[in-house]
Amino acid sequence: MTNTAAPPTSTPPAPATESVAVVKRTSPVARIFENYALLILTAAVFLFFTFYPPSSAAFPTINNLNVILGSQAVVATIAIAALFPLISGYFDFSLGATAAMAQVLCAGFMANSGWPIWAAIIVPILIAGVVGVLNGFLVTRLHMSPFVTTLGMAMLLSGVTLWYTGGQTIISGIDPAITRFGSTRFIGLPVVVYIVLALAIVAWYFFTHTPYGRSLYAIGSNAASARLVGVRVDRNVWWSFIVAAVIAGGAGVMQLARMGSATASGGNELLFPALAAVFLGATAITPGFFNVVGTIIGAIFVSISVSGLTLSGASGWAANVFNGLALLVAVGLSTYLGRRKRRG
Amino acid sequence: MANQEHPAAAASAGTAALALDLRGVDKHFGGTRALRAASLAVRPGTVHALLGGNGSGKSTAIKILAGVYEADAGELSIFGEDHSLSGYTSTTAAAAGLRFVHQDLGLFEDLSIEENFALDAGYPRNAVGGVRWRALHRQVAKVLSEYELDVDPRRPVQDLRPSDRTMVAIARALQGSESERLILVLDEPTASLAAHESGLLLEKVRRLADRGQTVIIVSHRLQEVLSVAHDFTVFRDGRVVGTLVDASPTEDELIAIMAGGLTVALRPTGSASHTTGRPTLEVSGLVSGPIRNVTFTAHEGEILGIAGLVGSGRSSLLHALFGAFVPSTGTMMLGGAPYAPHSVDDAMRAGVGMVPENRVREAAFMDRSVRENLSIAMMMEYWKTKWMPRARETRRAEELIQRFGVKVADPSALFSSMSGGNQQKVVIARWLQREPRLLLLDEPTQGVDVMSRADIYATIRRSAQAGCSVVVASSDMSELHALCDRILVLARGRITQEVLASDVDVDSLTSLVLREPSTRRTIYEPTAFEETRTS
């Protein structure tokens, strides 16, 4: 026997309101809250330490604000640097070590070799660029795992830096012009803060308003698809490593200007908070994706929290514990948000 | 064609006789109703086809059976045993006897067949907990022979031909229980298989049913379903619009039920008037990877088909035309000018676009919005203002969504939130917005439902009418026959036949393609690119 359907006439096309194209949507209010949760949280933390008795005396002062912003400038710079490879889906673990190397070399060239200040600034940044070229080569041409490659590079750089300084802190012989610049203020804020702000604006323009920046997001989403819409995947990824390393080199010089001295280190004290900022940033503005504005908010959030904790009586351990926790929470959250995006 | 079968009537006809009986299922997602009063009655020992376009609700129904979604209302009984649909999970489904094999088979490609079995059911152990490899080997060899798979269980899954991989997944899913008490659900089992491979697979599925296995099959490929299924349930707009028991309907009848009319687009237009227009692309002596010495011309307004099996070099040819592979020798002319793209970028600037074969792997940006998926191909054009025109991107995306009939709420929706057919429409729109003079399509409707396919055909025809030269590579002969003016048969990297679509029918086209490899084998030259390994 053959039983068949109701004739088409008996089932008129479903009205548009009952469209079966199932798309789960979050409500607009929830979405705004999600996008700006980090900003709101930062404001809340700021208010908390402003009124919390143990810290309320020292925390909300112009001086402390200056310390917070000034010390965070270098971390924020490295965070912006880290965005370039991260957005295209690659991890650069060597940025902290690159910055530390640039800091030591810049100091050393002035103190040990008596170079003029301009050469002592430019050459370390160029050397940092070479590190980026190497990272990019190993990752895009030899297809080495970016994580292990840049981790190895970080160890190598910190070793070479240690060899260069012989374990000594370089403190004398540094051109005072550079430290003077580090403590110069403009309209009440350290000049380095404006530099970071300018860098952030350029990076924001690059990522949102140039085809190259947008192509990095495309590569991070699906490199094979990106290649078949005309993106030069390898070249752009390579460049992202170079640009990141050059910015990190600049961050190292900036760190020297603020500290006035240089010691060989692995640069982890710069890299870890920077990564915390980047991953926190990926939970804000465009949740699930690394972005410049979120990164800056993340950097401010981390430094305000650490400063407030320190002023409330927590000692040296507070910074690491907080950065570590922030990084874990941030990675967890941005992974969750990213996965939700992919699943739709 | 006879009397109408109401789901309720089917239920009263004897629930005990049914292997699976799903009744009155409702499902909401937020404000949208994905299923209303849906039903599915599967007789034991039959192959039951579940049909419907994308968004018709058939996937939702399957996911409710699998315990992925919870139904709002409805009843379910399996082999006469009632199961409550509230609190029904994947564990309940497995205990009730449902076994699912999805399109992505879930096999570990580089592990051996027997290990794939053991990872699912557990390894046989000896007294100290070590694996009893020989016992496992015997056990799996026995299962494989039951499923007529003549392979060594120690071989890695990736060595199997594609249809056998699916059979291994089926055998694994059914292992360990009496298969009469199991219902096998195949979700798009042939979507990634070439035509002859899916033929082999379906033949085996049919034999399983002859041995008493109950099978539910979900597929977009109507012809295949017709060859294997006894009963059919057709979904549209979340409702069951047709239940055919022990029927042999024609493809047209099924399409009519699925689409509720409007099926003209899937038929050939019968015109081959564009095969003599001005040449757009002239390829001569092209050698690139598996492509050996290919010469042909595509004309303005022409839809040119490339027919060939997996490994024939179809995709490689399109990649070479798109600058994704650089050919080793040969010349190409595009619109009368020399054309030698060294990158995709070059090809795009010359006015060429390509929709790749594998949408998910090579075309999609799943976690980005529809707007971004469209504008990614227009970056350089948009950047002329040195500022990405967000508003213009959105407006353009809205236009394209409208023009190509994409079912999506708005351009900011994620690409992954759309059904396969709509995703494919977006990928095609991505290239057509550039108004290419040459459009390359690789399996343009793979994994796309019938209604979207009709839309896509219409889109392709419209752009050809506007003067675009279209090259379609496909393993679906009825697709090439319906869509193309002229068809080239590609085998082992060479063009072996050239026919006008109006001069052949689908069957003779299929035999042209299938016959080629064996005739070629006599003058077979080993190539560096052995992508034919599995075929």
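Visitor: Which strand of chain B do five bridges join to strand β1 (residues 20-29) of chain B?

Guide: The two strands run antiparallel, and strands count as paired if DSSP finds at least two bridges between them. Strands (E, at least two residues) and helices (H or I, at least four residues) are DSSP runs numbered from the N terminus. The model is predicted: local features need pLDDT of at least 70 and side-chain atom pairs pLDDT 80 or more, while totals for chains, interfaces and linings use all residues. Residues are numbered from 1 along each chain as its sequence is written, chains are lettered from A and ligands numbered from 1 in the order in which they are written, and side-chain values use heavy atoms, leaving out hydrogens and water. The strand joined to β1(B) by five bridges is β4 (residues 73-78) of chain B.

Visitor: Which residue takes a positive phi in the hairpin of β4(B) and β5(B)?

Guide: β4(B) is joined by four bridges to strand β5 (residues 81-84) of chain B, and the two run antiparallel. B:Ile78 has B:Glu81 as its bridge partner in β5(B). Two residues lie between the strands of this hairpin, and the one with a positive phi, near 50 degrees, is B:Phe79.

Visitor: Which are the edge strands of the open sheet of six strands in chain B?

Guide: The sheet has mixed pairing and the order β16-β17-β18-β13-β19-β20 (chain B). An edge strand here pairs on one side only, and the two are β16 (352-355) and β20 (494-500) of chain B.

Visitor: What is the bridge partner of B:Leu488 in β20(B)?

Guide: Strand β19 (residues 486-491) of chain B pairs with β20(B) in the antiparallel sense, over six bridges. Within β20(B), the partner of B:Leu488 is B:Glu498.

Visitor: At about what angle does helix α10 (residues 314-321) of chain B run to β17(B)?

Guide: α10(B) is mostly covered, with eight of its eight residues buried (under 20% relative accessible area; exposed is over 50%, partly exposed in between, with a 1.4 Å probe and protein chains only). The helix lies across β13 (303-307), β16, β17 (438-442), β18 (469-474) and β19 of chain B. Axes are lines fitted to C-alpha atoms, for helices over the stretch in contact, and angles run from 0 to 180 degrees between N-to-C directions. The angle to β17(B) is about 155 degrees.

Visitor: Why do the buried residues of α15(B) line one face of the helix, and within what arc do they fall?

Guide: Helix α15 (residues 390-403) of chain B buries B:Glu393, B:Ala397, B:Leu400 and B:Ile401. The directions from the helix axis to the C-beta atoms define the arc. Seen down the axis of α15(B), these buried residues line one face because they fall within an arc of 100 degrees.

Visitor: Which helix of chain A do the buried residues of α15(B) pack against?

Guide: The face turned away from the buried side carries the exposed residues B:Ala391, B:Gln402 and B:Arg403. The buried residues pack against α13 (370-375), α14 (379-382) and α16 (420-432) of chain B, where contact means heavy atoms within 4.5 Å. Their partner in chain A is α9 (211-221).

Visitor: With which side chain does the side chain of A:Ser307 make a polar contact?

Guide: A:Ser307 is found in helix α13 (residues 292-311) of chain A and is buried, with a relative accessible area of 12%. A polar contact is a pair of N or O atoms within 3.5 Å; within protein, one must be able to donate a hydrogen and the other to accept it, and residues adjacent in sequence count only if both atoms are side-chain atoms. At 3.3 Å, the partner of A:Ser307 is the side chain of A:Asn64.
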